[in-house]
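Keep the viewer open while you read.

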Amino acid sequence: MIKIDSYEYYYNPEDGKYYIRKKNNSPHSLKKLKDKLNKSKDKKNKVNKGNRSDDSTNKVDKLRDKVNTANETNKSYDKADAVNETNKVDITDYPLYKMSIKNNHKHPIKVSIVMPTYNKYHQTSLSLYGLSKQTFPHAEYEVILVDDASSDNTSNILKEVDVPFKFKYIQMKQNKGRSSVRNIGINHAEGDLLIFLDGEMLAPPAFVENHYKHHVHESNLVVTGAMHYEGVYMFIMPDYNEDQVAHLKELVGRDPEYRRLYENYEQTKQRSNVPCPLVTKEDIDTNRFQRLSFPNRYFLNNGLKHFGERLEGFTLPYIAFLSGNVSVRKANLKKSGLFDETFVGYGAEDWELGYRLYKNGVQFVLDPFTVAYHQEHGISKRKVKEQWGNHYRFVKKHPNIDVLILSPEWKELPFMHLHQTLVEYNQLEERFPHEYNELKHAFCTMLFRIIEYLNSGQPVTKLYDLPEGSEERLKIHQQFETLRPRGFDYLASSFEQIYYL
């Protein structure tokens with residue numbers, strides 16, 4: 001039986017790793033031997049060289065040999081115990097989940113990466129591979145993978161992956177949803193800085209380092225790479241929709257080998273219901289996978305880049321808190337609160353937390369060098385329903401104009417337009433505090449009803465239906481007619497588009 005208290009941890013600065021060794025051959029034991037050796041040397045120095053006996057010389061030689069043997073033994077234990085420590089997994093069983101820890105060293109952790117995942121085994125495996133290639137010191141960051149009761153092979157990841165960082169695998173006993181599992185990850189995070197990264201996000205080598213450098217000298221930041229989102233097709237997924245299939249066919253044409261793999265899949269797809277890998281780990285190492293990547297067309301085309309890295313003057317910075325790729329200090333979360341666990345399913349839970357951080361004065365930063373690649377997968381039909389349900393929770397919890405103004409995004413109004421509308425609404429409040437009351441009330445009511453109707457499945461029409469000739473209707477029309485002459489063009493346009501639905 002191995003006696004645990006017979007071993008101790010020590011840190012090797014050359015490779016940045018922790019190992020264990022036997023205390024029996026600890027520096028204390030060696031020190032006693034060296035002290036004894038030094039005493040013998042002192043004793044011999046008092047004797048003339050000509051009177052030195054062979055016996056005393058032999059004793060000194062034996063002591064020296066004993067010290068050298070102890071040193072060699074210590075080295076052999078270090079190597080053997082380093083292997084044992086790498087393979088060791090600490091397991092703790094909690095009521096809601098089980099947590100297993102690989103590489104459970106005692107070195108201080110600076111960055112904790114919280115990754116939720118659900119039935120994304122293939123993508124998550126490659127994501128962990130990408131995180132193992134980081135330029136940031138491996139002993140100083142950890143990855144907390146929270147598996148929300150997946151039914152695929154995700155549970156095999158713990159024994160399959162060989163990672164250099166501290167790895168915490170949390171396996172939920174039942175599905176709890178995005179907010180809950182992220183909060184569990186937060187509660188087990190050792191780092192002062194948290195990076196939220198979805199399980200299917202592939203991080204380039206400088207990813208952690210680029211997030212971390214922003215937070216070194218400032219304590220009140222949210223840093224996001226999600227606004228510079230890149231997509232990539234690492235697998236051919238059986239549940240891709242028609243648009244995804246057409247897009248993938250276009251991209252594989254850039255590379256003969258990828259095209260060959262896709263054509264082989266096409267010939268056998270009737271017999272295949274599992275993902276077909278396109279990209280290898282070697283492709284990740286050489287960046288060849290980027291031939292199957294594409295820039296996000298959603299955020300960059302809406303003018304946000306014109307506000308600069310720190311979104312100076314942008315009225316909706318909290319939309320940059322997208323939990324697929326964002327970092328924030330743990331202290332700021334403690335101040336603003338964690339994810340709201342009443343948000344279940346897809347959408348808005350990250351914006352809602354971002355809004356609270358924004359109201360507490362956190363500065364939002366966009367950095368294209370913190371980009372990660374989203375490994376494309378099939379899109380669940382439940383997503384749209386879940387999204388409107390969570391957005392409805394958002395506006396009910398924060399029925400403020402700077403949250404309600406997001407509603408016309410449903411009509412694909414760009415964020416730049418929504419920003420300008422909010423700027424003008426705030427100017428209207430400031431310049432005419434006692435006027436436009438009927439119009440402002442009607443505008444906020446309609447914005448709320450858009451989300452309310454979408455959530456309930458009602459047609460989004462007649463959002464503020466008033467009888468012909470009613471006094472309120474006449475006032476609203478009169479007030480609306482003065483908006484453009486007074487320079488409120490965006491507000492007039494937004495009001496008009498939803499009032500006449």
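How many bridges join β8 to strand β15 (residues 325-329), and do the two run parallel or antiparallel? There are five bridges, and β8 and β15 run antiparallel. One of the pairs to look up is Leu 197, whose bridge partner in β15 is Asn 325. Before going on, note that this is a predicted model.

**The chain as a whole**

The chain has 501 residues, and 50% of them count as buried. It holds 17 helices and 17 strands. Take the contacts between residues at least 6 apart in sequence: 75% of them join residues at least 24 apart. The exposed surface comes to about 25300 Å², with carbon and sulfur atoms supplying 49% of it.

**The nine-stranded sheet**

Strand β8 belongs to an open sheet of nine strands, ordered β3-β4-β7-β6-β5-β8-β15-β10-β16, with mixed pairing. The edges are β3 (89-93) and β16 (363-366); each has a single partner strand, so one side of each is left without a neighbour in the sheet. On average, neighbouring strands here are turned by 20° against each other, direction ignored.

Back to β8, which covers residues 193-197: five of its five residues are buried. In a regular strand, side chains alternate between the two faces of the sheet.

What lies across β5 and β8? Helix α5 (residues 178-187) does, and it also lies across β4 (97-102), β6 (141-147) and β7 (166-172). The helix runs at about 155° to β5.

**The four-stranded sheet**

Another open sheet has four strands in the order β9-β17-β11-β14, again with mixed pairing. Its edges are β9 (201-202) and β14 (293-295), each with a single partner strand, so one side of each is left without a neighbour in the sheet. Strand β11 (residues 230-232) pairs with β14 over three bridges, in the antiparallel sense. For a residue-level check, Val 232 has Ser 293 in β14 as its bridge partner.

**A helix pair**

Two packed helices are described by the angle between their axes and the distance between the axes. For α7 (residues 242-252) and α8 (residues 256-268), the angle is about 140° and the axes are 8 Å apart. The two helices are therefore oblique to each other. On the α7 side, the meeting residues are Val 245, Leu 248, Lys 249 and Val 252; on the α8 side they are Tyr 258, Arg 259, Tyr 262 and Glu 266.

**Helix α15 and its surroundings**

Helix α15 (residues 437-456) has 20 residues and spans 28 Å from its first C-alpha to its last, close to the 28 Å expected at 1.5 Å a residue. Its buried residues include Leu 439, Phe 443, Met 446, Leu 447, Ile 450 and Leu 454. An α-helix has 3.6 residues a turn, so residues three or four places apart point the same way. The buried list of α15 also takes in Lys 440, Thr 445 and Asn 455.

The helix is followed by Gly 457, which has a positive phi near 85°. Most residues other than glycine have a negative phi.

| Residue | Phi | Loop | Relative accessibility |
|---|---|---|---|
| Tyr 436 | about 60° | between α14 (415-431) and α15 | 4% |
| Lys 462 | about 50° | between α15 and α16 (471-481) | 57% |

Which of these counts as buried, and which is exposed? Tyr 436 counts as buried at 4%, because the cut-off for buried is under 20%. Lys 462, at 57%, is exposed, because the cut-off for exposed is over 50%.

Terms used:
Residues are numbered from 1 along each chain as its sequence is written. This is a predicted model: local features need pLDDT of at least 70, side-chain atom pairs count only at pLDDT 80 or more; totals for chains, interfaces and linings use all residues. Side-chain values use heavy atoms; hydrogens and water are left out. Two strands pair if DSSP finds at least two bridges between them. Buried means under 20% relative accessible area, exposed over 50%, partly exposed in between (1.4 Å probe, protein chains only). Contact means heavy atoms within 4.5 Å. Accessible areas come from the Shrake-Rupley method with a 1.4 Å probe; for residues, only the protein chains shown count as cover. The expected span of a helix is 1.5 Å times one less than its number of residues. Axes are lines fitted to C-alpha atoms, for helices over the stretch in contact, and angles run from 0 to 180 degrees between N-to-C directions. Angles under 35 degrees count as roughly parallel, over 145 as roughly antiparallel, 65 to 115 as roughly perpendicular and the rest as oblique.
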